[in-house]
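Subject: Structure handover

Hi,

Here is the structure for you to look over. Please open it before reading on.

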Amino acid sequence: MASSSSKDNPEGSPTTSISSLKNQKQDRSPSVSSSKDERWPEMLLSRPEKSYFYTTKTRDPVVIERSNLVNISKLIVKELIEQSLRYGRMLDSDHLPLHHFFIVLEHVMRHGLKPKKGLLGPKKELWDILQMVEKYSPEAADITASVRDLPTVKTAMGRARAWLRLALMQKRLADYLRILLEHREETLEEYFEPHALMLNEEAVIITGLLVGLNVVDCNLCVKEEDLDSQQGVIDFSLYLRGSNSSHDLANNANNGNNEPKQRHINTMLDQKNYIEELNRHLNATVANLQSKVESLTTTNALMKEDLAISKNTMIQLVEENNQLKHALGQDITKDSRIKVTELHSEEEEKRSVKSTSSEKSKGDKDTESAKCLEEERKKNAELQKELDLQISLKAEMEVAMKLLEKDIHDKQDTIISLRRQLDDIKLINLEMYKKLQECESSLKHKTELIAKLEAKTESMGSTIHQLDEKLQEDKAVRKSLEESARSLGQKAATAETRAVAAESDLRIEREWRISLQDSMIRDRDKISALTQEVESLKSIGQKYMSLQEEQHQLKVQYSEAQKTLEEVGATLSENKLQLAELLEREARAAQDDTPNWTSDKDASACAACAKEFTIARRKHHCRRCGNIFCGACSEKTVALAGNTKPVRVCDACFAEVRLT
């Protein structure tokens, strides 16, 4: 799965968090090769230099990986709770977010798990850790025994998956995880590395998230599921919010609503960071596995060479053994023949005279031949022991070779599954890159509009300044014209001869003055319109600042709402239990003839069919007699005195009520 970038909200998950946006300058481009030198293109949006959205900070990849796991867990748990409350139904094995939850929980539990030591050493399994819960919590003994008795589950990982499903149906998964964390020194430190999620503070956050799942009802059939096989990958498209197009963003900008645009940009950047870090983590995992495979292949080649050398040595020893056996047989036959001839000659020559001396020499020769034969037998026994030792060494090397080949096949299967996950992540990465390009194009368009508006305001300011200068010139011209009119009037009284010329000049001057007045009126109208436009631009700027303040307030409200949701999830289950207890108390108080209510601890089998209770066969009280029955023997309901609705009764009480 996701790695990673589990590494982060990388800050890993696709939620809009400020810490994830701090690392956006360190992300790589979503290319197929995932090269470290490539980067996302610079965005054309002007931003302040000291903004916390664009500060860089190097972080430990392990910390980023843990943060990723926590954030994707938050997303999936939130989706589970929302769908359960929205539809109000019981979730089954086919529910996709529930399937994703178990995959992420498995990654959380196996994060930092120690590998086995040596080729033949014991392997660290999650199932061994989960079995320790029954030492500290007796309630876990039932599900642990049920998992051990499952006939369809063969592997330790399959038993661990079945145990997690049964614990979720029991609504004690958060409690069991809390027990492991409380006894981490006794249970977890032996199995996990120091940087593992289960040994750090993020495990407490996971426990808090699992408490919210107590409001979710699940019905999972672990016998029908193939829990031994490898789990699938997560489809992150269910949890990636805000897939708006660039056209919608442009419309939002024209309407002046910048808050959805900023939220969408933050979400897209956060999702891009998560996918890129996950891609890099998967690449690192594949590289590590490839290096391990290469080391195993070299070790395999060396062991094959050692095996060939040992085989050659063994063949040489067998040949030497055969030669020694053959030589030993020839020597014995030659010695026996020589001794027989010598004995016959000696017996013939000295039979009559030296009978006693011949018997003594014969005994000495027999003892010498017996000693030689005993030495040859000892040498043969030593060679046989060495041969047996070489054969045992060969058998051990063959067993080691088989184990090594099996380990190599497991690593190859893991590499294949990780490559598939990497391909899926790359596809999602490309989609996120396309979405980011759409956002950047919309931002380019907005910046161009802003530049055009600024140029327009500058041109309007220069036009207003020119109109002011022209107005002053018109006023000066008007004054000069008025003075000339006065002088002409005085001259008209004294110069009658020039009356006609003066009247024509005066008519021309009047027309010119009227045209100047009309132009002045038009200039005033233009000035008023430009001043109104300047005021509207100022109001738009004030609205933009207010929207930025509202955006910051909404971010704070969103973080507070998330914390409130986690607290509401914890209190909701407690309120349900309290409500059920209050209803039962009111019903008991309203009845005069209250039946003897059998305790759950006293009943281990159904009072009617005598079948033992299990996780699948649950306990039910008869509201009339108070005894405990299974679901099949108490499925009927009838209206009793003191109850407004029909309640569950056993078959016998149902028959009695019908007769009465």
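Below is what was found, from the whole chain down to one residue.

First, a caution: this is a predicted model.

Overall picture. The protein chain holds 15 helices and six strands. It has 660 residues, and 34% of them are buried. Its accessible surface is about 40800 Å². Carbon and sulfur atoms account for 52% of that surface.

Helix pair α2 and α3. Helix α2 covers residues 61-87 and helix α3 covers residues 96-110. Their axes come within 10 Å and cross at roughly 155°. Angles over 145 degrees count as roughly antiparallel, so that is how α2 and α3 run relative to each other. The crossing of α2 and α3 is left-handed.

Which residues meet there? From α2 come Leu 69, Ile 72, Ser 73, Ile 76, Val 77, Glu 79, Leu 80 and Gln 83. From α3 come Pro 97, Leu 98, His 100, Phe 101, Val 104, His 107 and Val 108. By class, this contact has 10 nonpolar, four polar and one charged residues.

Ser 310. This residue sits in helix α12, which spans residues 259-350. Is Ser 310 buried or exposed? Its relative accessibility is 19%. The cut-off for buried is under 20%, so Ser 310 counts as buried. Beyond its neighbours within four places in sequence, Ser 310 contacts Gln 390 and Met 397. Lys 394 lies 84 residues from Ser 310 along the chain, yet their C-alpha atoms are separated by 7.5 Å.

Best regards

How values were computed:
Residues are numbered from 1 along each chain as its sequence is written. This is a predicted model: local features need pLDDT of at least 70, side-chain atom pairs count only at pLDDT 80 or more; totals for chains, interfaces and linings use all residues. Side-chain values use heavy atoms; hydrogens and water are left out. Axes are lines fitted to C-alpha atoms, for helices over the stretch in contact, and angles run from 0 to 180 degrees between N-to-C directions. Helices (H or I, at least four residues) and strands (E, at least two) are DSSP runs, numbered from the N terminus. Angles under 35 degrees count as roughly parallel, over 145 as roughly antiparallel, 65 to 115 as roughly perpendicular and the rest as oblique. A crossing is left-handed if the near helix is turned anticlockwise from the far one by less than a right angle, and right-handed if clockwise. Contact means heavy atoms within 4.5 Å. Ala, Val, Leu, Ile, Met, Phe, Trp, Tyr, Cys and Pro count as nonpolar, Asp, Glu, Lys and Arg as charged, and the others, Gly among them, as polar. Buried means under 20% relative accessible area, exposed over 50%, partly exposed in between (1.4 Å probe, protein chains only). Accessible areas come from the Shrake-Rupley method with a 1.4 Å probe; for residues, only the protein chains shown count as cover.
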